[in-house]
Amino acid sequence: MTIPSTMYAWRKHKGNPVPVWEGVPVPSTPPTGFLVKLLASGVCHSDQALLDVEDRPQFNDVYTLGHEGCGEIVSIGTNVSDPRFVIGTKVALLAVPGCGLPTCAECSRDLAQLCPSGQHHGIGQDGFYAEYVTIDQRGVVLLPNGVTPAIGAIATDAVTTAYHGIVRRAQVQKSETVFLFGLGGLGFNALQIVHSYIGARVIVSDIRGEKLTAAKELGIPDSDIVPLGTSVAEFIARNEIRVDTVLEFVGARQTFADAQRIVRPGGKVLCVGTGERMNELNMKNGIRKRLSFLFSYGGQRGDLEEVLGLIARGVLRPRVRMQSIREFPEVLRRLGEGGVEDRVALIPV
């Protein structure tokens, strides 16, 4: 195929909280990676935060937004020898694959998503709201047959982040009773991971009735759905439920306080949601109950491979709808206002 010399992308300019749609050069293929033509890019709440935040030293003054991507390889670097990747191969793209160096303080501890020196696509450095992107071979995962690019894109974060937190960090087991706060873009995928993959009992809470209806359609019984307007603590006490692990996918003051209140002694609280930047930890309660508080960020290549496999087998069914990439500002606005029920994948025009 003919690769153009220029393309359009949604760019963040330092000092401007509004994304700019502008023409930029198509980047050159890196020796250890690929040039990928984007087929879908997921929209996330954190895109707005990235437009507002400018105080991180690793952020470029101007960069392309978008940290959930899926595309087709159109050019291969001279140092890439993996036979699985050829021209035309469809791949899901991991935004923060890490540098992989044995001298890296984070990659050497299996914390690639915290690597400070590797590429951070769409997080201060060029990402996936564009026609093309270059990416190191460490950041690409084969898209299984039957998985659409839209699903593949949102799986890189909205599913993989939930999976990493639940399976790797909290290590939730089938024998546990789990309480899940929030059924948004990540939370609904978290529900499927606990219910459909792990097989544990999960009690759910959300402030939107349509989300609770979706949980019921997934197979969650009415007895495990906190009715709208009902106190979570009272619901748990009234039904004498012993909560082993709380999955906090909201991060609001009320939900974080409730999480500490309802979890059983010796239990775990997994923190993923960032509804508030600062929340209060009840030290006496935490010490008395000997609680474990776990924080989780992103996921890794192995997580993404496993997630895509579960999607291909029909175990997980992420909900996504598609819109044109030109509609990104409007999608982001509606997402911030709570007007987007499912994840949105942007498709090139």
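Reader: Why is E131 called partly exposed?

Author: This is a predicted model, in which local features need pLDDT of at least 70 and side-chain atom pairs count only at pLDDT 80 or more, while totals for chains, interfaces and linings use all residues. Residues are numbered from 1 along each chain as its sequence is written, and side-chain values use heavy atoms, with hydrogens and water left out. The relative accessible area of E131 is 28%, and since buried means under 20%, exposed means over 50% and partly exposed lies in between (1.4 Å probe, protein chains only), E131 is therefore partly exposed.

Reader: Where is E131 found, and what does E131 touch?

Author: E131 is found in the loop between β6 (90-93) and β7 (132-136), where strands are DSSP runs of E with at least two residues and helices are runs of H or I with at least four, numbered from the N terminus. Leaving out residues up to four places away in sequence, E131 touches M7, Y8, V36, K37 and L38, a contact being heavy atoms within 4.5 Å. E131 and W10 are 121 residues apart in sequence, and their C-alpha atoms are 9.9 Å apart in space.

Reader: What makes α2 and α3 oblique to each other?

Author: Helix α2 (residues 149-169) and helix α3 (residues 187-198) pack at an angle of about 55 degrees, with their axes 9 Å apart. Angles under 35 degrees count as roughly parallel, over 145 as roughly antiparallel, 65 to 115 as roughly perpendicular and the rest as oblique, so α2 and α3 are oblique. The contact is made by A158, V159, A162, Y163, I166 and V167 of α2 and by N189, A190, I193, V194, Y197 and I198 of α3.

Reader: Which residues of helix α6 are buried, and what covers them?

Author: In helix α6 (residues 253-262), the buried residues are T255, F256, D258, A259, Q260 and I262. Their cover includes β9 (177-181), α5 (232-238), β11 (243-248), β12 (263-271), α7 (283-288) and β13 (292-295). Of the 349 residues of the protein, 52% count as buried.

Reader: How do you know that the protein is as compact as a globular protein of that length?

Author: The secondary structure of the protein comes to nine helices and 15 strands. Its radius of gyration, taken over C-alpha atoms, is 20 Å, close to the 20 Å that the globule rule (2.2 Å times the number of residues to the power 0.38) gives for 349 residues, so the protein is as compact as a globular protein of that length.

How values were computed: Axes are lines fitted to C-alpha atoms, for helices over the stretch in contact, and angles run from 0 to 180 degrees between N-to-C directions.
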